[in-house]
Amino acid sequence: LAGKTTEDWSLTHLHPLLMRSQWKDLLECVATLSQLKRPNMIHEALSNRDDREATALHTAAWKAPPKLARLIMDLIPYEERKQYLLSVDSDGNTPLHLACANLDELADFIIIKHVLVMAPEALEMGNNSDDSPLHLLVCSPCFRRGADFAVDTAAEDVTTCLSYTSRTSRI
């Protein structure tokens, strides 16, 4: 632990909680981090990478409830958000790739909204399989689950927004 308390270590290692879907514990950890006002500890918690080179934001985009993904995004200092939104894991996925691939009826689109405002270039980034976030979106549970009109409508709205932004927001 090299000079850190056990509590410090657990606060800066969010991946075990994310991977085990321990949402209540993760919520408490994120709330504690936001109250501590210790930028170095927050940076360490957010920049730690797992064995797939994913950050906490990648994993939250992939599998966490929307409220937790939003809280993790809120922990990232505004001036650093673009860096986190454009970071890639070992498969070349950005948090946007993972959010689009796993979009479902619970999504609140927080990561997508931040990308559209802060890092629109992520819309066209291909992962190691050369899939863009839009490719992954049309393969997501939203599109595969045709019986749920609300999910399909939300997915179509996001697709339209991503497609339009991709065509009009060249950097």
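The model is predicted, so local features need pLDDT of at least 70 and side-chain atom pairs count only at pLDDT 80 or more, while totals for chains, interfaces and linings use all residues. Residues are numbered from 1 along each chain as its sequence is written, and side-chain values use heavy atoms, with hydrogens and water left out.

**Confidence**

- The mean pLDDT of the chain (the predictor's confidence in each residue, from 0 to 100) is 78, and 73% of the residues reach 70 or more.
- Over residues 1-6 pLDDT stays under 50, and the model has four contacts for them beyond four places in sequence, a contact being heavy atoms within 4.5 Å.
- Where pLDDT is low, the predicted coordinates should not be read in detail.

**Helix H3**

- The 14 residues of helix H3 (residues 23-36) should span 20 Å at 1.5 Å a residue, which agrees with its end C-alpha atoms being 20 Å apart; the expected span is 1.5 Å times one less than the number of residues.
- The buried residues of H3 are Leu26, Cys29, Val30 and Leu33, where buried means under 20% relative accessible area, exposed over 50% and partly exposed in between, with a 1.4 Å probe and protein chains only.
- Seen down the axis of H3, these buried residues fall within an arc of 95 degrees, so they line one face of the helix; the arc is that of the directions from the helix axis to the C-beta atoms.
- Exposed Lys24 and Gln35 lie on the face of H3 turned away from its buried side.

**Helix H9 and its packing with H6**

- Helix H9 (residues 110-118) is largely enclosed by the rest of the structure, because seven of its nine residues are buried, among them Ile112, Val115, Leu116 and Met118.
- Helix H6 (residues 66-75) and H9 pack at an angle of about 35 degrees, with their axes 9 Å apart; axes are lines fitted to C-alpha atoms over the stretch in contact, and angles run from 0 to 180 degrees between N-to-C directions.
- In this pairing, Ala69, Arg70 and Met73 of H6 meet Ile110, Ile111 and His114 of H9.

**Positive phi in the loops**

- Ser21, found in the loop between helix H2 (15-19) and H3, has a positive phi of about 55 degrees although it is not a glycine.
- Glu53, in the loop between helix H4 (39-47) and helix H5 (56-63), has a positive phi of about 65 degrees.

How values were computed
Helices (H or I, at least four residues) and strands (E, at least two) are DSSP runs, numbered from the N terminus.
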